[in-house]
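Me: Hi! I'm new to this one, so could you walk me through it?
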Amino acid sequence: MNLKKEIEGIFKGEIFDDAKTLHIYENDASLFEVTPEIVVYPKDVEDIKSIVSFVSENKENNPKLSVTARAAGTGMSGGSLNESIILDVTKHINHIGDVEEKSITVEPGAYYRDFEIKTLKSNLLMPSYPASKDLCAIGGIVSNNSSGEKTLNYGCTRKYVQKLKVVLSDGNEYEFGPLNKTELDEKMAQQDFEGEIYKNIFNLINNNSELIKNAKPKVSKNSTGYAIWEVWDGETFDLSNLIVGSQGTLGIVTKATFRLIQPKKHSTLLVLFLKDFNHLSEIVNKVLKHKPESFESYDDHTFSLAIRFFPDMVKSLKMGIISLGFRLIPEFFMILTGGLPKLVLLAEFTGNSEEEIKKMATNTQKDLEEFNIKSRITSSPADAKKYWTIRRESFSLLRNHIKKGRTAPFIDDTIVSPEKLPEFLPRLTKIMEEYDITYTIAGHIGSGNFHIIPIMDFTKPESKKIVEELTEKVFSLVFELGGSMSAEHNDGIIRTPYLKKMYGEKVYNVFKDIKNIFDAKNIFNPGKKIGDTWDYTMKHIDTD
Ligand SMILES: Cc1cc2nc3c(=O)[nH]c(=O)nc-3n(C[C@H](O)[C@H](O)[C@H](O)COP(=O)(O)OP(=O)(O)OC[C@H]3O[C@@H](n4cnc5c(N)ncnc54)[C@H](O)[C@@H]3O)c2cc1C
């Protein structure tokens, strides 16, 4: 059938099936390439409902038909890539409402950068924003359960979602948010699709409560699988918690209402330069006791890249080359006298007065004296900015500069609890050193979440084999230490085949039941969370 022609009759927005458009939508920021059949820009929620109903009605005759939502396409797991209909919400479904009593309702296609301008006007913030906050959109933030530098103190996106509107597989739009037991009972009594969903999910979670409890990774944030731990706490039942982080596999998000926080007025950085991983866990735990708002890190490879691509750093910092050169003198001097630090740690202290934050940073510095590590407290926001830029721009620096090969995110988001770091980091380094590849490690040390990004040349036949071997070795190490293979970036094409290994067959079957309750025909983003194989993953690595 000619998909474009069939959809034209039921759809107000734009529809594309030309090679140029399809080429744009075959990639995101992941390792993968998947060519869709068609790309649509819905004009409004009615258009989304029409597409979903169309796919649902025609799925039996055309099993390959599906619909995958896409926001800004900056995901690093391949979550928005698929073979049938790609539904881009950024073109028209992007309204940002007004701030009302520390809360705001926004459509999924709104870019976070525009959303933040609006919240900051009211001196409010949605603090789980990712490092890609200038590039990504709300639909992706919600559907990946994104998090970032402030998550240590404030938590992930799920914590800020008050309610969601979602188009489900029957083609209707529903609202999900917290319900008490009486409200839940009323929903479960409904003789319709919504009632069936509430009843079946409630029974599934109740009947498997021990299994679910024991399967929870021992980490502070996790974006893998379905968030079965967050739905029912015995008092409140909230299906929006399940939809957050589900990568568009349960329905299409059409509106999100977020709770906002008031950011602190002042901040400063305590910068720690570590020669080795000795005492890392004690250092991390000591710093955490002083309650930094964020606690980030980058490794020697990231540091040397920042120095190698110095002119681009200057551009990102929006400061003159001489001024930046001047600001980096202490680091250059340190490298000349003592070599590159193995790890740089950035502990950010925030408060409502200069005195308060200085005291916090100085007390922490004093508390670390026994470890004899080089450290400094930044003197101004401009001074702090250079460290933040290296940390935030590390992935972009790599992505934009490497001529031979490219960034290969596949072990890009592991998390283990901070006490496990002294075991995790040396074992990780040993695994990485078995291969002749350049890589950087940057991340959220305060939570034990690291972004390990190798540079690889996929025109070389051995590269795919390295992806395969490294994934197996690194994920096995993470699982052994009770961690998760993704804290923020979610499962997508890269991690879906590992969900069974991470959680075991029984928990995976609970995930399968969840998918089946919401989307029995498998119309939404097939192959993510449930289904696809490592073979599919390997076949779709972009080798250009
Ligand atoms: C330089 C760089 C830095 C990054 N840093 C971080 C970081 O610090 N933390 C982090 O979490 N991520 C990070 N990422 C990954 C990514 O940017 C984020 O996860 C982001 O939130 C994805 O948003 P997006 O709009 O690009 O989503 P997309 O890539 O378009 O989509 C992501 C997923 O959401 C689904 N989706 C999108 N819209 C909807 C909708 N309306 N309904 C249902 N499902 C939908 C898609 O199907 C897909 O599965 C980074 C990426 C880059 C390139």
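Me: How are H8 and H22 oriented to each other, roughly parallel or roughly antiparallel?
Reply: H8 and H22 are roughly antiparallel to each other, a label for angles over 145 degrees. The axes of helix H8 (residues 193-207) and helix H22 (residues 505-518) cross at roughly 170° and come within 9 Å. Axes here are lines fitted to C-alpha atoms over the stretch in contact, with angles from 0 to 180 degrees between N-to-C directions. Helices are DSSP runs of at least four residues (H or I), and strands (E) of at least two, numbered from the N terminus.
Me: Before we go on, what kind of model is this?
Reply: It is a predicted model, where local features need pLDDT of at least 70, side-chain atom pairs count only at pLDDT 80 or more, and totals for chains, interfaces and linings use all residues. Residues are numbered from 1 along each chain as its sequence is written, and side-chain values use heavy atoms, leaving out hydrogens and water.
Me: Where do Phe475 and Phe479 lie?
Reply: Both are in helix H19 (residues 462-480), four residues apart, about one turn of the helix. Phe475 and Phe479 are both buried, that is, under 20% relative accessible area with a 1.4 Å probe, protein chains only.
Me: And which residues do ring pairs link into a cluster?
Reply: Phe176, Tyr198, Phe202, Trp232 and Phe237.

Technical notes
Parallel < 35°, antiparallel > 145°, perpendicular 65-115°, else oblique. Buried < 20%, exposed > 50% of the residue type's maximum accessible area, 1.4 Å probe, protein only. Phe/Tyr/Trp six-rings, centres within 6.5 Å; stacked < 30°, edge-to-face > 60°.
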